[in-house]
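The sequence and coordinates follow.

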Amino acid sequence: MKKLLNKILNIGVKPEYQLWETHITRKLNAISLITIHNMTLAFFFFEITGYTQFIIDCICGLLALAVVFLLNQFKNYVWAAYWFYCYGFLFFISVNLKMGRDSYMLLFYFPVIISMIQTLGRSGLLKHLIILSGVCLLSIITITIGFKRHFYPVYFSDEAINDLSSFNIILCFLITMAYITAMVWESLNQENLIRKMLQEKEILLAEVFHRVKNNMNIVTSLLNLKKNMSDSPEVINALEDCRGRVYAMALVHDNIFNNTNITGLNFKDYVNNLVNEIANTFGDSEEVEITLDTDDIYLELSNAIPCGLILNELITNSFKYAQSEDKKLQVHVKLKKLKGVIELEVKDNGPGFSEEAIKNTNTLGRELIKSLSEQIGGVYSFSNNMGCIFNLKFKTVS
């Protein structure tokens, strides 16, 4: 029985559908199935009680509901929704005018409107919801005018009116509960499926970070091996620069992989790890005073890697060129966030840049910093104030 029900609900579901489109199609099938059930109850009620003037409406309604499944199958959910609701409002006009105001047939608008909002209440389908809401309003106005001008004179006795009103109230309550149950059930299925897909993607993403980190560690090891085999200072320095840059990228993936929040990087922890690694690489950790003034900031991957490479370039340059024998090297790293703007500042107490060096952007390091800053939409500057000062500001989406 469950398999048969699921098969009926999946009528018209196409492989190319997105998840939300699949659930809209299933919702339309579900409310059509519920309506068929209630229309059948109404048919037998009218047959048993002798209100034969409504039997033709019920038969036409059952045939119209079957068309919903056909439209879902051979067209799409938009066609099916228009048919279901437009015919439904025409059906309400006919039956309301035949039964009269006191039959409470108007109550059936409430479950139908609820189902319409639940089914079409998406940004991509908003125009269809507005159009069908207009059709709904038009049908209510038509019924109101019909009651006032007596389009269909009602000749039911008080007992018949009581029977019809009682039946309509009970059936309206049942169909409302059925619609809500179907919507909630389908929404829960959608939520569970989304949660399952999200978990799978998180596992896959974590695995990607893990593999990238391992591959970069292999590259780092190969660069170290090649560096140890070379006797040329120029080659050694070039390979060490490459190794540091690869390590800065690998550290991003390593920190994200070891963090429960795999969509963002805690840049404060990253800065601490990167600075310690650079200090250990140069072997001057005791002769260098490093001050970190950083907030707890999470950066998305697209910003974290460029910022890490920029930071690696600046601190490495401080270790290389800012040290002197007459004073202890001091490096200050500041990372702050204010009103959606992140500010990264690196300052040392070295000799700083000459005016010519500040203007010269043709070096590899300066070209790299310029390119990475533009990549994240940041604005950077170099200046001298008792040492070199680098300042970078960029906006973050988080």
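In which loop does tyrosine 104 lie? Tyrosine 104 is found in the loop between helix H4 (77–99) and helix H5 (109–120). The model discussed here is predicted.

## Positive phi in loops

Most residues other than glycine have a negative phi. Tyrosine 104 has a positive phi, near 60 degrees.

Is lysine 339 buried or exposed? The relative accessible area of lysine 339 is 80%, so this residue counts as exposed, the cut-off being over 50%.

## The sheet

Five strands make up an open sheet with mixed pairing, in the order S2-S4-S5-S7-S6. At the edges are strand S2 (288–294) and strand S6 (379–384), each of which pairs on one side only. Direction ignored, neighbouring strands of this sheet are turned by 10 degrees against each other on average.

Strands of a sheet pair through backbone hydrogen bonds, in either the parallel or the antiparallel sense. Strand S4 (residues 329–338) and strand S5 (residues 341–348) are antiparallel and share eight bridges.

Edge strand S6 pairs with strand S7 (residues 388–395) in the antiparallel sense, over six bridges. Phenylalanine 382 has phenylalanine 390 in S7 as its bridge partner.

How many residues lie between S6 and S7 in the hairpin? There are three, and methionine 386 in the turn has a positive phi of about 60 degrees.

## Helices and surface

Helix H10 (residues 301–321) contains 21 residues. From its first C-alpha to its last it reaches 30 Å, close to the 30 Å expected at 1.5 Å a residue. H10 is mostly covered, with 16 of its 21 residues buried.

Which residues make the nonpolar surface patch of about 470 Å²? The patch consists of Leu137, Ile141, Ile145, Phe151 and Tyr152. Leucine 137 is placed in helix H6 (residues 126–149). An α-helix has 3.6 residues a turn, so residues three or four places apart point the same way.

Notes
Residues are numbered from 1 along each chain as its sequence is written. This is a predicted model: local features need pLDDT of at least 70, side-chain atom pairs count only at pLDDT 80 or more; totals for chains, interfaces and linings use all residues. Side-chain values use heavy atoms; hydrogens and water are left out. Patches are made of residues with over 30% relative accessible area and no salt bridge: like charges are joined within 9 Å, nonpolar side chains (Val, Leu, Ile, Met, Phe, Trp, Tyr) within 5 Å. Accessible areas come from the Shrake-Rupley method with a 1.4 Å probe; for residues, only the protein chains shown count as cover. A salt bridge is a side-chain nitrogen of Lys or Arg within 4 Å of a carboxyl oxygen of Asp or Glu. Helices (H or I, at least four residues) and strands (E, at least two) are DSSP runs, numbered from the N terminus. The expected span of a helix is 1.5 Å times one less than its number of residues. Buried means under 20% relative accessible area, exposed over 50%, partly exposed in between (1.4 Å probe, protein chains only). Two strands pair if DSSP finds at least two bridges between them. Axes are lines fitted to C-alpha atoms, for helices over the stretch in contact, and angles run from 0 to 180 degrees between N-to-C directions.
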